[in-house]
Amino acid sequence: MNINAIKEKVEKEKEWLINVRRDLHKHPELGQEEFRTMEKICEYLQKMGISYKDKVFKTGVIAEIKGEDQGYTIALRADIDALPIIDKKNTSYASINEGKCHACGHDAHTTIALGVAKYFSDNKIVPPCNIRFLFQPAEETVGGAKPMIQEGALENVNCVFGLHVDEYLPTGHIGIKYGAMNASSDTLKINIYGKSCHGAYPSGGVDAILAASHVMVALQSIVSRNIDARESGVVTIGTIHGGTQGNIIADKVQLVGTLRTLNPEVRKTMLEKIEEIVTNVPKAFGGSGEFIREEGYTALINHDKEVDIVKENAVELLGEDNIFEKKTANMGVEDFAYFIENTPGAFFTLGVKNKEKGIDAPAHNGLFDIDEDALLVGVEMQLLNIYSAFNKK
């Protein structure tokens with residue numbers, strides 16, 4: 001593995017990478033609607049002579065290059081969907097699909113994965129092992145990772161890497177995180193039942209609003225009194241609906257919220273405590289409670305060995321001063337978590353900020369853009385990750 005040789009070959013792809021990324025950026029598609037994106041990915045793969053399977057979870061693509069050791073497979077994931085946001089940039093590659101924009105960098109992720117494939121194809125290099133490319137739809141919506149896995153995306157995969165553009169890091173910087181990087185999520189639906197009566201005679205009924213208020217307060221005690229202070233958990237109730245008129249005791253209140261945790265055991269404990277509170281607190285007021293949990297994403301927990309690989313490669317490629325080790329996790333979700341839930345792997349971030357070029361808008365914003373020099377860094381990092389992961393298998 002010669003870094004200079006890799007850089008030299010990837011540099012020759014620069015114009016191609018920029019053109020691919022700009023084409024994808026100009027034609028963004030939302031989750032489960034990425035039909036053109038899927039067709040373009042397949043078109044590039046066909047030109048490279050790489051076998052693939054399309055229409056995975058409707059709009060996803062799984063491609064594979066056979067390597068010297070066909071008993072070992074490393075996967076790279078690239079999400080392909082865009083966001084329902086108006087593109088406000090004044091560029092030649094601004095979105096032409098009204099109300100849709102690649103404001104989270106998935107066009108760059110797709111381009112980088114294709115760039116890795118092109119490296120092996122153009123240079124007629126046989127990789128050290130099988131390389132599988134997972135072009136995943138619907139990351140921003142229903143989550144395409146789990147359905148792709150159910151359709152065989154991780155079959156015989158030994159290791160998987162994913163990256164995400166990072167608008168807070170300058171181009172030429174890499175962000176890493178050991179352990180939990182993103183939270184798990186659960187939607188909480190809580191129904192509190194009482195008995196309606198005239199507001200002037202509350203003793204004749206059961207006040208569901210009063211009971212719901214006590215449930216709300218009790219829920220906030222879970223983190224402070226049932227969870228180790230060194231762990232993380234968040235319970236948020238975002239909506240409350242109940243009652244019909246100011247002088248009528250409400251007979252039903254619905255609370256809807258979210259639970260975010262970084263540790264599967266903490267998640268389990270908090271869900272049990274929520275159930276206990278919802279079931280028992282309303283009884284003290286003569287009412288009853290019902291808890292409905294809608295399971296969301298699992299927590300993204302990186303594997304130390306694979307993070308070490310990313311870190312070592314980033315240091316060798318970019319220098320130790322250009323590595324940012326994140327100390328705290330993101331309480332937002334990322335469905336790459338499913339790819340590494342039971343398979344070794346790591347997720348890292350790629351700096352794309354360049355103030356001198358005026359590229360510093362936050363993600364999920366209509367002005368979001370990337371410094372396209374970062375595309376080269378992304379391709380180089382994933383190539384180095386492939387060689388290192390195989391050598392350290």
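The side chains of glutamate 372 and arginine 22 meet in a salt bridge, with 2.8 Å from N to O. Here a salt bridge is a side-chain nitrogen of Lys or Arg within 4 Å of a carboxyl oxygen of Asp or Glu. Glutamate 372 sits in the loop between S16 and H10, while arginine 22 belongs to helix H2 (residues 14-26), so the pair ties together parts that are 350 residues apart in sequence. Side chains of opposite charge can pair when their charged atoms come close. The structure holds 28 salt bridges.

A word on the ground rules. This is a predicted model, where local features need pLDDT of at least 70, side-chain atom pairs count only at pLDDT 80 or more, and totals for chains, interfaces and linings use all residues. Residues are numbered from 1 along each chain as its sequence is written, and side-chain values use heavy atoms, with hydrogens and water left out. Helices (H or I, at least four residues) and strands (E, at least two) are DSSP runs, numbered from the N terminus.

Now for the sheets. Two strands count as paired if DSSP finds at least two bridges between them. Isoleucine 174 stands opposite leucine 350 in S16.

Another open sheet has four strands in the order S10-S12-S8-S13, with antiparallel pairing. Strand S10 (233-242) and strand S13 (288-295) are at the edges with a single partner strand each, so one side of each is left without a neighbour in the sheet. On average, and with direction ignored, neighbouring strands here are turned by 20° against each other. Strand S8 (residues 184-193) pairs with strand S12 (residues 252-261) in the antiparallel sense over ten bridges, and serine 184 stands opposite threonine 261 in S12. H6 packs on this sheet and touches S8, S10 and S12, its direction making about 10° with that of S12. H8 packs on the sheet as well, touching S8, S10, S12 and S13, and its direction makes about 155° with that of S13. Contact means heavy atoms within 4.5 Å.

That leads to how helices pack on each other. Two packed helices are described by the angle between their axes and the distance between the axes. Axes are lines fitted to C-alpha atoms, for helices over the stretch in contact, and angles run from 0 to 180 degrees between N-to-C directions. Helix H6 (residues 208-219) packs against helix H8 (residues 264-280) at about 155°, with the axes 10 Å apart. H6 and H8 are therefore roughly antiparallel to each other. As for the wording, angles under 35 degrees count as roughly parallel, over 145 as roughly antiparallel, 65 to 115 as roughly perpendicular and the rest as oblique. In H6, Val215, Ala218 and Leu219 meet Ile274, Ile277 and Val278 of H8. These contact residues divide into six nonpolar, no polar and no charged. The classes work like this: Ala, Val, Leu, Ile, Met, Phe, Trp, Tyr, Cys and Pro are nonpolar, Asp, Glu, Lys and Arg are charged, and the others, Gly among them, are polar.

Helix H9 (residues 304-318) and helix H10 (residues 374-391) have axes that come within 9 Å and cross at roughly 130°. That makes H9 oblique to H10. Their contact includes Ile309 and Asn313 of H9 and Glu380 and Leu384 of H10. By class, this contact has nine nonpolar, three polar and one charged residues.

Finally, back to H2, the helix that carries arginine 22. The axes of H2 and helix H4 (residues 106-122) come within 9 Å and cross at roughly 145°. Among the contact residues are Trp16 and Arg21 of H2, together with Asp107 and Lys118 of H4. The contact of H2 with H4 divides into six nonpolar, four polar and three charged residues.
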